[in-house]
Amino acid sequence: MTFREINAKMVEATVVPGQRLFSQRGAMLAYRGEVSFTPNLAGGRGGVMSMIGRRLADEDTPLMTVEGSGTVLFGHGGHHVQVIGLAGDTLYVEADRLLAFEGTLRQGTMFMGSQGGVMGMVRGQVSGQGLFTTTLQGHGAVAVMAHGGVLEIPVTPQRPVHVDPQAYVAHHGDVRNRLSTALGWRDMVGRGSGEAFQLELSGNGTVYVQASEEKL
């Protein structure tokens, strides 16, 4: 794997000739070797259309292309960093949570309404994702940011997982998610997100939950 966790808030990435990394602008802390950092204008491996889609969706976090030969330390804002490995599946995550990812992953944008119609859009607003979210697909590794640490929870057909929408970080696998509430609409006035709404994730995969309800 390209990324090695140095501590809870920093990762070290190995950069080799012929392979690219993409990082959030301002995420580089230090580097060794012959490494270059250039603004990415083509939207990662997703290309120009992916970039246009993310800008229209207001999901366009500036990226840097990292190339060369050496090692780079990444971190940002003192946030907790979690490394996630993908083996051909798709990771769903907010763009501003992306610290760095391998160039082998294809970046795209998904309309939240495509997963649950109107309730999918409502779910995006409650969880802080908005109407769109970022997808990364393929084989490779990605480093994401969160508040206060991340817990990796398996999702199985026999054991669906319920998550506070504002504690949700990301998920991957064959996972279906829907917004639910255990309260009546009149009872939800003045309630926090976890008391009023819950994300129910079912299927086969993994969901990542942060130890805080605070957004980045």
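**Contacts, strands and salt bridges**

Biologist: Among contacts between residues at least 6 apart in sequence, what percentage join residues at least 24 apart?

Modeller: In the protein, 81% of those contacts join residues at least 24 apart, where a contact means heavy atoms within 4.5 Å. This is a predicted model, in which local features need a pLDDT of at least 70 and side-chain atom pairs count only at pLDDT 80 or more, while totals for chains, interfaces and linings use all residues. Residues are numbered from 1 along each chain as its sequence is written, and side-chain values use heavy atoms, with hydrogens and water left out.

Biologist: How many helices and strands are there?

Modeller: The protein has 3 helices and 13 strands; these are DSSP runs numbered from the N terminus, with helices being H or I runs of at least four residues and strands being E runs of at least two.

Biologist: And how much of the protein is buried?

Modeller: Of its 216 residues, 50% count as buried, a word that means under 20% relative accessible area, while exposed means over 50% and partly exposed lies in between, using a 1.4 Å probe and protein chains only.

Biologist: Which strand does S3 pair with, and how do the two run?

Modeller: Strand S3 (residues 21–24) is joined to S7 by 3 bridges, and the two run antiparallel; strands pair if DSSP finds at least two bridges between them. Ser 23 stands opposite Ala 100 in S7, and S7 itself, residues 98–102, is mostly covered, with 5 of its 5 residues buried.

Biologist: Switching to charges, how many salt bridges are there?

Modeller: The count comes to 3 salt bridges, each being a side-chain nitrogen of Lys or Arg within 4 Å of a carboxyl oxygen of Asp or Glu.

Biologist: Which residues are linked in a network of salt bridges?

Modeller: Arg 4, Glu 12 and Arg 32 are linked in that way. The closest N and O atoms are 2.9 Å apart between Glu 12 and Arg 4, and 3.1 Å apart between Glu 12 and Arg 32. Glu 12 lies in strand S2 (residues 10–15) and Arg 32 in strand S4 (residues 28–39), so this pair ties together parts that are 20 residues apart in sequence.

Biologist: Is Glu 12 buried or exposed?

Modeller: Glu 12 is buried, at 11% relative accessible area, whereas Arg 4 is partly exposed at 48% and Arg 32 is exposed at 57%.

Biologist: What does Arg 97 form a salt bridge with?

Modeller: Arg 97 pairs with Glu 94, the closest N and O atoms being 3.4 Å apart. Arg 97 is buried, at 2% relative accessibility, and Glu 94 is buried too, at 5%.

Biologist: Now Asn 204, where is that?

Modeller: Asn 204 sits in strand S13 (residues 198–210) and is partly exposed, with a relative accessible area of 46%. Leaving aside neighbours within four places in sequence, Asn 204 has contacts that include Val 155, Pro 157 and Asp 174.

Biologist: Where is the confidence lowest, and where is it highest?

Modeller: Confidence is lowest in helix H1 (residues 47–56), at a mean of 44, and highest in S2, at 97; pLDDT is the predictor's confidence in each residue, from 0 to 100. Over residues 46–59 the pLDDT is below 50, although this stretch has 28 contacts in the model beyond near neighbours in sequence. Where pLDDT is low, the predicted coordinates should not be read in detail.
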